[in-house]
Amino acid sequence: MTRRFGVIAVGLVGVVLGGCSTLDKLNPFKSEPKIKPAELKPIQGAAELPVRWQVTVGEADDFVLTPAVVGDSVYAAARDGTVSRIDNGRQSWRIAAGEKLAGGVGADRDLVVVGTEKGQVMAFDAESGKPRWTARVSSEVLAPPLVNGDQVVVRSVDARVVGLDRADGKRRWVYQRVTPALTLRSNVGMTMVDNTVLAGFPGGKLVAINGKNGAAMWEATVAVPKGATELERVADITSLPVADERQVCAVAYQGRVACFELANGNQVWGRDISSSAGLDMDQTRVYVSDDTGAVQAFARDGGASLWKQDKLANRGLSRPIMLGRRVAVADFQGFVHFLDVDDGAFVARAATDGSAIRANPQRVAGGLVVQTRKGSVIALGVQ
């Protein structure tokens, strides 16, 4: 009989077919690393990072619930089913979805969407919080849905991407692919450029999906699985691809970071690196939080290594976020670190509530918003 097992950590699960031991040595998502984390040293001449506001929405437990920023509004959710709209630090509404939540938040100015372990997709009115519709997909929804145009795009953990009608939640199309025997079950999201959905998959594949009908437009290889065992061959993309009008970049756990032409998927460059947290980019650089706890910068035009900040080793880093002349990255103790884009030097640091920041930090005008494991949603100003 085939058996399944998993290890939950930071809202993500390693799943293998066959065997009955844990995957601790494989699991890159622990909120508290077993290896001693790097000690934080004072930053000389650190810039001030004012806390604009702080709101508590409820704990995430072992799931990753990412806030959505739409204009001046922030939509946030908690594991117990709480969904809130926050405007300039004030909760405009707060509702109980009626189900425990596992994925979210996706939003635009009209609609707010979250997902559950049961495969439910729940949509609410962005102005009032009133329920709009509930749909069901094939398995758990751990990733934030995409709300775009006249549809909602949802990803479930069985490697299916589904397009739902935004008016009533009826299914429009489904994209599905076969997954390897051993994968990391994650809250990996999707990126949308115009009508193209960009999604990373187990086995190191990046796929461009036509948002109108669910057809694959192209498929690219970010990383090729290597090794003699299934454990060694895990090379999953567990983080958000980043893209602009000409290029898309992605990074794989036990794999590589690579950039491709958006139009056709042709590779521009690739570099060996392992990352489960993810990356960001600006016009000239790609920034990666690697699995050792270092933040690295590469040239966008050819992948040359520009700098490496290794003083955050074993601190369970988040995806890096670009903010003007700074790169922000959060850690498992709730600190947000700001690095200079030119050389990776520390320029500022902010403390939150002391719990892990697992969700991707989100840009807002003049700063960023983070959500902690304990449920604090905090807006930091960047001067």
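User: Which way do the residues of strand 22 point, and are they buried or exposed?
Analyst: Q247, C249 and V251 point one way from strand 22, V248 and A250 point the other way, and all are buried. Buried is under 20% relative accessible area, exposed is over 50%, and partly exposed is in between (1.4 Å probe, protein chains only). Strands here are DSSP runs of E, at least two residues, numbered from the N terminus.

User: What kind of model is this?
Analyst: This is a predicted model, where local features need pLDDT of at least 70, side-chain atom pairs count only at pLDDT 80 or more, and totals for chains, interfaces and linings use all residues. Residues are numbered from 1 along each chain as its sequence is written, and side-chain values use heavy atoms, with hydrogens and water left out.

User: Back to strand 22. How many of its residues are buried?
Analyst: Five of the five, residues 247-251, so strand 22 is largely enclosed by the rest of the structure. As for the alternating directions, side chains in a regular strand alternate between the two faces of the sheet.

User: Which strands does strand 22 pair with?
Analyst: Strand 21 (residues 242-243) runs antiparallel to strand 22 and is joined to it by two bridges. Strand 23 (residues 255-261) also pairs with strand 22 in the antiparallel sense, over five bridges. Pairing takes at least two DSSP bridges between the two strands.

User: Which non-glycine residues have a positive phi?
Analyst: A159 and N314 are among them: A159 has a phi of about 70 degrees, and N314 has one of about 60 degrees. For context, most residues other than glycine have a negative phi, and most peptide bonds are trans.

User: Where do A159 and N314 sit?
Analyst: A159 is in the loop between strand 13 (151-156) and strand 14 (160-165), and at 5% relative accessibility it counts as buried. N314 is in the loop between strand 28 and strand 29 (321-323), and it is partly exposed, with a relative accessible area of 22%.

User: Which peptide bond is cis?
Analyst: The one from G104 to V105, with omega near 10 degrees. V105 lies in strand 8 (residues 101-107).

User: Switching to rings. How many aromatic pairs does the structure hold?
Analyst: Four. Rings of Phe, Tyr and Trp (its six-membered ring) pair if their centres lie within 6.5 Å; planes under 30 degrees apart count as stacked, over 60 as edge-to-face and the rest as tilted.

User: Why is the pair of Y287 and W307 tilted?
Analyst: Their planes are at 45 degrees, with the ring centres 6.1 Å apart, so the pair is tilted. Y287 is in strand 26 (residues 285-289) and W307 in strand 28 (residues 305-309), so the pair ties together parts 20 residues apart in sequence. Y287 and W307 are buried.

User: What sits over the ring of F201?
Analyst: The charged end of R155, 4.4 Å from the ring centre, and the charged end of R177, 5.4 Å from it. The cut-offs are NZ of Lys or CZ of Arg within 6 Å of the ring centre and within 35 degrees of the ring normal.

Notes: Helices (H or I, at least four residues) and strands (E, at least two) are DSSP runs, numbered from the N terminus.
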